[in-house]
Amino acid sequence: MNTSLVGPKHLWVALLLVVGSACGPDASKAEEASQGPADETPMMSTEPGEAGGDGAVSAMACNGTAGEWHGCRGTGCSVCSELVKDFPYYFQNHPSCQRNTICYGQYFQCNSACPPPTEADRTYPAACNGTAGQWNGCRGTGCSVCEELVKDYPCYFTNHPGCAENPICYGQYFQCNSKCPAPTQADRCYTPPPPEWCGNGICEGNEPVTCPFDCSFCSGSVCPDGSCCPSSGVCSDGSFCPL
């Protein structure tokens with residue numbers, strides 16, 4: 001077996017190889033990790049619909065805007081109706097805002113889409129004419145709905161935000177715009193009762209016992225549809241009923 005002497009030069013080369021392997025790619029990665037990313041700008045994520053995300057404000061998250069007035073409750077777009085009662089065209093001029101009738105004197109910051117009312121919200125809008133075929137319930141413009149004609153429909157202006165309440169029609173009614181139609185049952189703010197409901201004026205089901213009020217107005221018996229037996233003794237369906 002042949003052997004060769006290992007001199008100082010060979011030992012020095014071997015030492016360099018060992019040190020180089022310890023300071024290879026893994027060591028470089030460790031050094032880079034200890035230094036952090038080259039770009040020191042902090043990372044921040046934004047939700048879609050929030051300011052800073054896509055630049056829009058979600059209708060479901062209409063928060064208050066810093067610096068805005070305190071005139072809302074619930075959301076920054078729910079404007080307290082008593083604070084804008086002298087500005088009948090506020091909601092027409094600010095369609096992103098909703099009328100809030102239950103603030104009860106508690107006012108919070110509004111969204112920038114619902115600023116404080118101005119003189120522009122007192123006057124008639126520039127163009128809201130009557131529409132052919134619509135009801136005669138407005139005065140001043142086709143969007144100025146006469147207050148007394150919708151007094152029994154408390155949700156009318158909530159359901160038709162493009163319309164304004166006019167308290168000075170003085171019995172003179174003119175054609176409304178199509179976006180201010182005649183009030184309907186939906187503008188009364190309640191769900192119609194089911195067919196058998198005490199107080200609906202029809203004697204039905206077990207109501208002779210459970211709701212005598214609905215059956216008290218019939219002098220005789222009742223027909224199958226709940227109506228009083230007519231003087232003829234014959235119901236609308238042809239059946240007979242005792243008087």
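## The segment around Ser221

Ser221 is located in the segment that follows helix α6 (212-215); helices (H or I, at least four residues) and strands (E, at least two) are DSSP runs numbered from the N terminus. Leaving aside neighbours within four places in sequence, Ser221 is in contact with Cys228, Cys229, Cys241 and Pro242, where contact means heavy atoms within 4.5 Å. The C-alpha atom of Ser221 is separated by 6.1 Å from that of Leu243, a residue 22 positions apart from Ser221 along the chain.

The model is predicted: local features need pLDDT of at least 70, side-chain atom pairs count only at pLDDT 80 or more, and totals for chains, interfaces and linings use all residues. Residues are numbered from 1 along each chain as its sequence is written, and side-chain values use heavy atoms, with hydrogens and water left out.

## Chain architecture

The chain contains six helices and eight strands. Read from the N terminus, the order of elements is α-α-β-β-α-β-β-β-β-α-β-β-α-α. Among contacts between residues at least 6 apart in sequence, 50% join residues at least 24 apart.

Of the 243 residues, 28% count as buried; buried denotes under 20% relative accessible area, exposed over 50%, and partly exposed the range in between (1.4 Å probe, protein chains only). The accessible surface of the chain amounts to about 16100 Å², and 59% of this surface belongs to carbon and sulfur atoms. Accessible areas come from the Shrake-Rupley method with a 1.4 Å probe, and for residues only the protein chains shown count as cover.

## Salt bridges

Arg122 is paired with Glu119, and their closest N and O atoms are 2.8 Å apart. Arg122 is partly exposed at 36% relative accessibility, whereas Glu119 is exposed at 52%.

Asp86 forms a salt bridge with Lys85, with a separation of 3.6 Å between the closest N and O atoms. In this pair Asp86 is partly exposed, at 44% relative accessible area, and Lys85 is exposed, at 60%. Asp152 is bridged to Lys151, again with the closest N and O atoms 3.6 Å apart. Asp152 counts as partly exposed at 43% relative accessibility, while Lys151 counts as exposed at 59%.

## Pockets

The largest pocket holds about 310 Å³ of space. On a 1 Å grid over the protein atoms alone, a pocket is an open set of points where a 1.4 Å probe fits, with protein on both sides within 12 Å along at least five of seven lines; lining residues have an atom within 4 Å of a point. Grid points are joined across faces, edges and corners, and a volume is the space filled by probe spheres set on the points. The largest pocket is lined by 17 residues, and those nearest its centre are Lys85, Phe87, Pro88, Glu165 and Pro167. Strand β7 (residues 164-166) supplies the largest share of this lining, three residues. By class, the lining comprises nine nonpolar, three polar and five charged residues. In this classification Ala, Val, Leu, Ile, Met, Phe, Trp, Tyr, Cys and Pro are nonpolar, Asp, Glu, Lys and Arg are charged, and the others, Gly among them, are polar.

The second largest pocket contains about 230 Å³ of space. Residues lining the second largest pocket include Arg99, Thr101, Glu147, Lys151, Tyr153, Phe157 and Glu165. Helix α4 (residues 156-159) gives the most to this lining, with three residues. The class composition is six nonpolar, two polar and four charged residues.

Tyr104 lies in the loop between β3 (98-100) and β4 (108-109) and is exposed, with a relative accessible area of 68%.

Tyr170 likewise has a positive phi, near 55 degrees, and is a residue other than glycine. Tyr170 is situated in the loop between β7 and β8 (174-175). Tyr170 is exposed, its relative accessible area being 66%.

Definitions and conventions: Salt bridge = Lys/Arg side-chain N within 4 Å of Asp/Glu carboxyl O.
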